[in-house]
Amino acid sequence: MQEQRVLGQSGIKVSPVGLGCMGFSHAYGAPTEKGQAIRMIRKAFDMGYTFFDTAECYTGINPDGSISYNEELVGEALKPVRDQVVIATKMGITFTPDGAVLDSSPEKIRTSVESSLKRLGTDYIDLYYQHRIDPKVEPEVVAETMGQLIKEGKIRAWGISETGEEYLRRAHAVTPVAAIQNRYSMLAREYEPLFPVLEELNIALVAFSPMGNGFLTGAYKATDTFVGGVDYRSHMPQYTPEGFAAAEKLMDLLADLGREKNASSGQLSLAWMLCKKPWIIPIPGSRKEARILENLNSQHVILTPEEINRIDSLLDTLKMPVYGQRG
Ligand SMILES: NC(=O)c1ccc[n+]([C@@H]2O[C@H](COP(=O)([O-])OP(=O)(O)OC[C@H]3O[C@@H](n4cnc5c(N)ncnc54)[C@H](OP(=O)(O)O)[C@@H]3O)[C@@H](O)[C@H]2O)c1
């Protein structure tokens, strides 16, 4: 049986690599056809994934004008194996024509959890995240509401996405946080100073966009173009000619190491964080079967502390414009 990782004090066990399901509906071009998306998510379970990430705001417009609700795809795909998987979803962001609206009021948390349960077709959510901090609501209020949902059995554990230390400590003091979900990859290391806090409080880091939105796989070229509006890569700085130029040395190192380890660059980008800390769980997203398997198999690529340091030292010297970019 493959190694499992633990979501902090909740004790919930997950595969070391989770599947980010966002791309089936949102942010990477037109949504995947429903049947195909469901097949891919089921195949991921068959391969060994037991941790699946979605959110209430992951939606997209299908070619026939209907809405693709990512939670519905995930829920339907995993229904037959519901008790063997860990489903994480998120609340707190609504996209409107005027931009993203943040709302983490207790009322909104309650209406959102009911809607997510319905779309997922389940009577409990394993891990429920506050997707973004709402400056109008104190962390204690959010934590209190999440604690009530745990008591009521609607969620098993809770987490926060894109949090810093102060907010996390205040929230955790009210209802222990199982995991945070922050952006973390070789291109985005701004949360590394938070690592001692996560260790101290026994909180897992679920790393989103762990391959720098696919960039670190080396599968893309400076001449590639992405459809504006529906494919967020069209405005991501790493996909500009300057971004490719800045990352050249890193991509060369990954290719060299890859030859030594018989691993792809994408696998190395995941192995780098898997080998760094036993409580980091990357959730790469892909809509393609071979890549979903390739990403899961990064758990078998072992990097020594010296090799990790070598990569980090290089990252420290590269002044990459992609650092801290937002997807
Ligand atoms: N909490 C938040 O605010 C937040 C924000 C962003 C994302 N997320 C979560 O994190 C998950 C992952 O993040 P992400 O999708 O933004 O970034 P990512 O996992 O770093 O990269 C995904 C991109 O890489 C490509 N890709 C994946 N595996 C590949 C491989 N082996 N070789 C070549 N290309 C590959 C995918 O394309 P194909 O699909 O064509 O393979 C996709 O375009 C999301 O699905 C979502 O669940 C959370």
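Select F51 and V86 to begin: F51 stands opposite V86 in β7. You are looking at a predicted model.

**Stop one: the strands.** F51 belongs to the stretch 51-53, strand β4. Strand β4 and β7 run parallel and pair over three bridges. Now select residues 125-130, strand β10. Strand β10 also pairs with β7 in the parallel sense, over four bridges. Pick out A88 next.

**Stop two: β7 itself.** Select residues 86-91. How many of the six residues of β7 are buried? Six of six are, and the strand is mostly covered. Look at one side for V86, A88 and K90.

**Stop three: the ligand.** Select the ligand and its surroundings. The shell holds 29 residues. G20, M22, G214, G285 and S286 are the closest. Which helix gives the largest share of this shell? Select residues 289-296, helix α10, which supplies three residues. Colour the shell by class: 14 residues are polar, nine are nonpolar and six are charged.

**Stop four: D312.** Select residues 305-317, helix α11, and find D312 within the helix. Why does D312 count as partly exposed? D312 has 14 C-beta neighbours inside 10 Å, and partly exposed lies between the buried cut-off of 20 or more and the exposed cut-off of 12 or fewer. In sequence, D312 and R189 are 123 residues apart. In space, their C-alpha atoms are 9.7 Å apart.

Note on methods: Residues are numbered from 1 along each chain as its sequence is written. This is a predicted model: local features need pLDDT of at least 70, side-chain atom pairs count only at pLDDT 80 or more; totals for chains, interfaces and linings use all residues. A residue is near a molecule or strand if its C-beta atom, placed from the backbone, lies within 6 Å of it. Helices (H or I, at least four residues) and strands (E, at least two) are DSSP runs, numbered from the N terminus. Ala, Val, Leu, Ile, Met, Phe, Trp, Tyr, Cys and Pro count as nonpolar, Asp, Glu, Lys and Arg as charged, and the others, Gly among them, as polar. Two strands pair if DSSP finds at least two bridges between them.
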